[in-house]
Amino acid sequence: MEIVDATAGDAGNRENTESSIQLRQRASSRLDLAWLAVIAGIAAVLRFHLLDAKSFWFDEGVSVAIARLDWYNFARILWRREANMSLYYLFLHFWLHFGGSEFFVRSLSVLFAIASVPAIYLLGQRLFDSRVGLIAAALLAVNAYHIQYSQDARSYSLMVLFCLLSSLYLLKSLDNPSRRNRAVYIVSSALAIYAQFFAGLLVIAQWLSLKTIERAQIPSQTRSDWRWIALLASPAIAFVATTGTGPLRWVQRPSLKDLWIFALHLTGNGGLWLLLACAVACLAALLPLWHTVGTRWPWETWRYRFVVGWLLSPLLFILGLSLIKPLFVPRYFVFCLPALLLLVACGIARIRSTALMVPALLLILILSLRGTAAYYKQDLDIQRDDWRAASQYLLTQAQPSDALLFHVPMGRTPYEFYHSLSTPVLAAPAVLYPRHGDRLTFLDFVEKPDDAELERLLPQHPRAWLVLTYAETQSGLPDSRSVELSKLLGNVYPTVEQRDFPGIEILLYTRRYGNYIATALAVLGCPHASYDHSQARCARRSDSHFGSNSRSLFRGRRLGFSGVGHSSGAGRRHAGGHRRFA
């Protein structure tokens, strides 16, 4: 940095010096924008890469199904069950007018994610300086955790974007409490809550952080902003108050191992070395806090506490509540990721020597890219149900005269999505449960079973398919509904075959007693054999097999009872968890 003696020389020299400084600042600004454009381009490439390589999982199918509802059913399902992420469903509703493929549906989340790159740059620039903003943008661009939820047809990338905008305009309102800055802060904070309810924890963290700043630095105009946010978010607050924690009843209490895995994922899935590098950078960023005392701090200190509160307050609050009622779901805290990356960027920027700072940054970027490459092969914290393969199997193997039932009513939604993508549209079996018409309605999401009606309709179909997902209790045993459906079907159809997919089991119930022969062959060591009635021979088939519990199913039929049998992946689907608030 050039130091100029303002007392030396004449006024003309001082004007020349100031003009030179302004030119350098403009050039620096243009260079920053060029780097930011490069970083945003890299972020786009990493997020569009292999965007449709993986199947839709359960929650993504639900997103599309809700977005495709007409306005009456859309409003009913939001108020009855799915108010969380309602903003994303609204955006997706209009987005689907232009396309409906897996790639196109997920690209909406990608666009929100790309917009987050300049947003975190602006936030880092305002909190610290442009160098911190650029480093934070680069870290976000290659972070595997953010990339995973950028490629997910859910609201997480939208949530991150509005949390960034909320924090950015909070700082702008403190600096310049204009009507525009305050309005954008209020609206972006409310929209963040409608993107995902857990974003409300950030608003609370912001409010708490302002309790620690010097009062003189808080404009009086901003004190009413919290009331406006509460007013705009009141429908969401009312929904949470009426539903309580019921939608999260499937969540298990986190262990220390769960928290360790979450830390590895949040830092970028780069393993222990990346986690340690991020921890060291965060400690370096927080050096100004070591010697501060008191309950209120000036701006220079408060900005660090603001970021730390954003990162830790929501986590600590939910972990504390989880001692009473488990509420911790790792992906709900993806909005804490920008705070982590801002601290890491600040720590890296503290290295004065460029010769040391650049290698430190490159080390973290390389480890992050390695974590991203690993994510493309295996999801981080999603137990992905393979609805693409399961739906294709149903559509190719089932007959129009068959019946189709879903153990979880909303399990029909990803199946219907893939059915809509089939070209040409394949003849599908008749859906008996859930069903309220040819098109999905809000009742198909919340229907209570009518077993008497099923008993009346099932005999009209020669075969019935039962799709099981999330069909286990925490102990790994079949849940009560899967047992009830199995008994109901077993009373009509004497034989059953099973096909397993990741996260999904498909059972075929038939009246063909020849299937006993196929099951017997499987018991005797011919697991890929099937009995061909037309040829009266045993033929090997690569596209169908009996599951690993064929023996228990066969023994169950001989003993005269119907059951799901022991699952080949006990606890696997429960680990993925039920959805709702997901």
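Of the 582 residues in the protein chain, 55% count as buried, where buried means under 20% relative accessible area, exposed over 50% and partly exposed in between (1.4 Å probe, protein chains only). This is a predicted model, in which local features need pLDDT of at least 70 and side-chain atom pairs count only at pLDDT 80 or more, while totals for chains, interfaces and linings use all residues. Residues are numbered from 1 along each chain as its sequence is written, and side-chain values use heavy atoms, with hydrogens and water left out.

**Confidence and overall make-up**

The predictor's confidence in each residue is pLDDT, from 0 to 100. Its mean over the protein chain is 83, and 81% of the residues reach 70 or more. Where pLDDT is low, the predicted coordinates should not be read in detail.

The secondary structure comes to 25 helices and seven strands. These are DSSP runs numbered from the N terminus: helices are H or I with at least four residues, strands E with at least two. Among contacts between residues at least 6 apart in sequence, 77% join residues at least 24 apart.

**The nonpolar cores**

Which residues touch the most other members of the largest nonpolar core? They are Trp310, Phe333 and Phe335, in a core of 157 residues. Such a core is a set of buried Ala, Val, Leu, Ile, Met, Phe, Trp, Tyr and Cys residues joined through side-chain atoms within 4.5 Å. Helix α8 (residues 156–175) supplies the largest share of this core, 13 residues. Apart from this core lies another of 18 residues, including Leu454, Leu468, Ala471 and Leu485.

Phe333 has a relative accessible area of 0%. Beyond its neighbours within four places in sequence, Phe333 is in contact with Phe198, Leu201, Phe262, Leu266, Pro314, Leu315, Ile318 and Phe328.

**Aromatic pairs and charges over rings**

A search of the whole structure finds 29 aromatic pairs. Rings of Phe, Tyr and Trp (its six-membered ring) pair if their centres lie within 6.5 Å; planes under 30 degrees apart count as stacked, over 60 as edge-to-face and the rest as tilted. Here are two of the pairs:

| Pair | Centre to centre | Angle between planes | Type |
|---|---|---|---|
| Phe128 and Tyr304 | 5.3 Å | 50° | tilted |
| Phe333 and Phe335 | 6.2 Å | 25° | stacked |

Phe128 lies in the loop between α5 (102–127) and α6 (130–142), and Tyr304 in helix α15 (residues 299–322), so this pair links parts of the chain 176 residues apart. Both Phe128 and Tyr304 are buried. Phe335, like Phe333, belongs to an aromatic cluster that also includes Tyr145, Tyr149 and Tyr156.

The model also has charges over rings, which requires NZ of Lys or CZ of Arg within 6 Å of the ring centre and within 35 degrees of the ring normal. The charged end of Lys54 sits over the ring of Tyr375, 4.0 Å from its centre, and Arg499 lies over the face of Tyr393 at 5.0 Å from the ring centre.

**Around helix α18**

Tyr393 is one of the buried residues of helix α18 (residues 387–397), along with Trp387, Ala390, Ser391, Leu394 and Leu395. The buried residues of α18 pack against α2, β1 (403–406), α19 (412–421), β3 (463–468), β4 (495–501) and β5 (504–510). Helix α2 (residues 58–67) is the place of Val62, which has a relative accessible area of 0%.

**Cysteines**

How many disulfides does a search of the whole structure find? It finds zero, a disulfide being a pair of cysteine sulfur atoms within 2.5 Å. The sulfur of Cys278 is too far for a bond, because the closest cysteine sulfur, in Cys282, is 6.6 Å away. Cys336 is in no disulfide either, with the nearest cysteine sulfur, that of Cys163, 8.3 Å away.

**Backbone details**

Most residues other than glycine have a negative phi, and most peptide bonds are trans. A cis peptide bond joins Tyr433 and Pro434, with omega about -5°. Pro434 is found in the loop between β2 (430–433) and α20 (443–446). Leu50 has a positive phi, near 55°, and is partly exposed at 41% relative accessible area. Tyr470 has a positive phi of about 50°, yet Tyr470 is buried at 4%.

Note on methods: Contact = heavy atoms within 4.5 Å.
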